[in-house]
Amino acid sequence: MKIFIKILFFLIIANSCAENKIIEIKYTSNSLADRFVFLALSLGEHDKDYVDAYFGEDSIRDEAKKQNLSLRRIKIESIKLLEAIDSINVENEEIRRMKFLFATIRAMNARINHLLGYDYLFDQEAKFIYKANPPHYSNDHFQSILDRLGKLLPGKGDILPRYENFRKAFIIPDDKIDTVFKRAIEESHRRTKENLSLPQGEHFTLEYVKDKPWSGYNWYQGNGQSLIQINLDQPIYIDRAIDIAAHEGYPGHHTFLLRIEAEYVKKRKWAEFTLYPLFSPMSLLAEGLANFGIEVVFPGDEKVKFEKEVLFPLAEINSSDADKYYKIQELVSKLNFSRNEVARNFLDGIFSEEEAISYSMKYSLMSHSRAKQSLSFIKKYRAYIINYNHGLDLVRKYISHKAGDNPEKIWEVYTDLISNPYLPSDLLLPDEKK
Ligand SMILES: [Zn+2]
């Protein structure tokens with residue numbers, strides 16, 4: 001570590017002397033990674049959402065705070081890093097490592113441009129930050145799903161009030177939320193441990209919060225520890241317990257980040273993985289894997305079975321209409337891409353706030369307050385929204401291509417994806433690569 005700090009200080013001093021002179025710095029892949037961490041932490045000083053997790057040395061963050069580089073300066077330095085990566089000679093797994101770092105720094109650059117006032121269109125941001133081309137869906141596409149829902153839901157007239165009314169019976173009562181969540185987490189944990197190795201002592205703390213733009217958040221803190229927050233602003237329906245337990249915990253974000261720490265930081269000593277930059281291609285995989293993790297840990301009808309047999313009684317919810325509820329929820333999940341349409345139209349200046357909210361109510365079947373919450377998410381995280389649906393599609397297609405419907409093989413491919421630096425383009429099937 002002493003050597004690492006010496007290199008870091010050399011780079012910092014070299015760069016601070018380089019205002020008007022050209023000083024050639026010979027980078028190695030490790031010193032490039034160290035410099036990236038310093039710049040990312042410097043960016044984090046301007047953008048509180050950028051560094052989602054950091055579990056490296058405090059002294060590097062302290063130095064970033066102290067130097068307080070301007071956004072413009074971070075941008076210039078990051079371009080220099082891209083040039084250095086472009087000309088570095090590396091072999092074997094270092095090639096993939098540098099490709100991943102290059103994509104991460106390009107995304108960082110796009111985020112800086114946004115912070116400096118450059119107005120990216122939604123699709124441009126998806127491409128430059130997440131390396132993704134999310135699909136466009138027409139209103140007719142969503143309307144055809146709503147028509148099918150209309151035939152299933154009791155009553156007549158507008159879909160949203162009928163949907164809200166029907167699913168009211170499946171809200172977990174406030175005094176049962178903790179019990180239901182703890183049981184869902186225990187089961188996801190047990191099943192995950194049976195299929196992939198988790199380090200000794202890994203653990204997360206559960207906390208209930210209010211007034212947030214998201215429904216759940218995993219804050220990874222290093223050494224296998226996370227803080228998982230669950231937002232109680234909106235009613236929590238019975239099927240969300242396993243969704244959140246699997247997405248945020250096992251085998252989702254908590255598992256993903258502790259595997260990253262074990263594989264990249266502890267085993268390979270790759271400094272860039274001591275930091276998870278939220279606005280980067282890694283998020284497309286992180287969210288896609290977290291969402292697909294629900295199906296991995298509860299394959300086929302096992303989720304519904306477990307919910308009906310264990311969680312319904314714990315929540316004291318009557319399960320007589322459960323089959324209809326699941327049928328409806330399956331159709332509603334197909335409306336998820338409508339959130340991208342809201343974000344695209346809103347961020348591209350086509351929808352006003354009111355139009356974005358009414359679109360979400362009509363095509364995403366969100367209540368007014370849920371639609372407002374969703375819009376505040378879009379305002380804060382912007383094109384990040386694609387990571388949940390497009391990321392899920394990407395991961396699902398890749399895993400089913402590699403593993404079919406063999407549960408053991410699915411765990412194997414899933415484990416590989418959370419243990420290696422993959423980029424979204426690595427997951428494209430041969431006919432999708434252009
Ligand atoms: Zn997530």
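**Close-up views of a predicted model**

**View 1. A three-stranded open sheet.** Here the 3 strands of an open sheet line up in the order β2-β4-β3, and their pairing is mixed. The edges belong to β2 (203-209) and β3 (216-222), each of which pairs on one side only. Strands here are DSSP runs of E with at least two residues, helices are runs of H or I with at least four, and both are numbered from the N terminus. Two strands pair if DSSP finds at least two bridges between them. On average, neighbouring strands of the sheet are turned by 20° against each other, direction ignored.

This is a predicted model, in which local features need pLDDT of at least 70 and side-chain atom pairs count only at pLDDT 80 or more, while totals for chains, interfaces and linings use all residues. Residues are numbered from 1 along each chain as its sequence is written.

**View 2. β2 beside β4, with two helices on the sheet.** Strand β4 (residues 225-231) and β2 run in the parallel sense, paired over 7 bridges. Look for H203: its bridge partner in β4 is Q225. Helix α10 (residues 240-249) packs on the sheet and touches β2, β3 and β4, with its direction at about 30° to that of β3. Helix α11 (residues 253-267) packs there too, touching β2, β3 and β4, and makes about 20° with β3. Angles run from 0 to 180 degrees between N-to-C directions, and axes are lines fitted to C-alpha atoms, for helices over the stretch in contact. Contact takes C-beta atoms, placed from the backbone, within 7 Å.

**View 3. Helices α4 and α5 side by side.** The axes of α4 (residues 71-87) and α5 (residues 93-115) come within 10 Å and cross at roughly 155°. The two are therefore roughly antiparallel (an angle over 145 degrees). Residues of α4 in this contact include L71, I74 and L82, and those of α5 include M98, F102 and L115. The contact divides into 13 nonpolar, 2 polar and 2 charged residues. Nonpolar covers Ala, Val, Leu, Ile, Met, Phe, Trp, Tyr, Cys and Pro, charged covers Asp, Glu, Lys and Arg, and the others, Gly among them, are polar.

**View 4. Helix α6 and its buried side chains.** In α6 (residues 122-130), F122, E125, A126, F128, I129 and Y130 are buried, meaning 20 or more other C-beta atoms lie within 10 Å of a residue's own. These buried residues pack against α5, α12 (282-297), α15 (338-347) and α18 (386-403).

How values were computed. Angles under 35 degrees count as roughly parallel, over 145 as roughly antiparallel, 65 to 115 as roughly perpendicular and the rest as oblique. A residue is buried if 20 or more other C-beta atoms lie within 10 Å of its own, exposed if 12 or fewer, and partly exposed in between; C-beta atoms are placed from the backbone.
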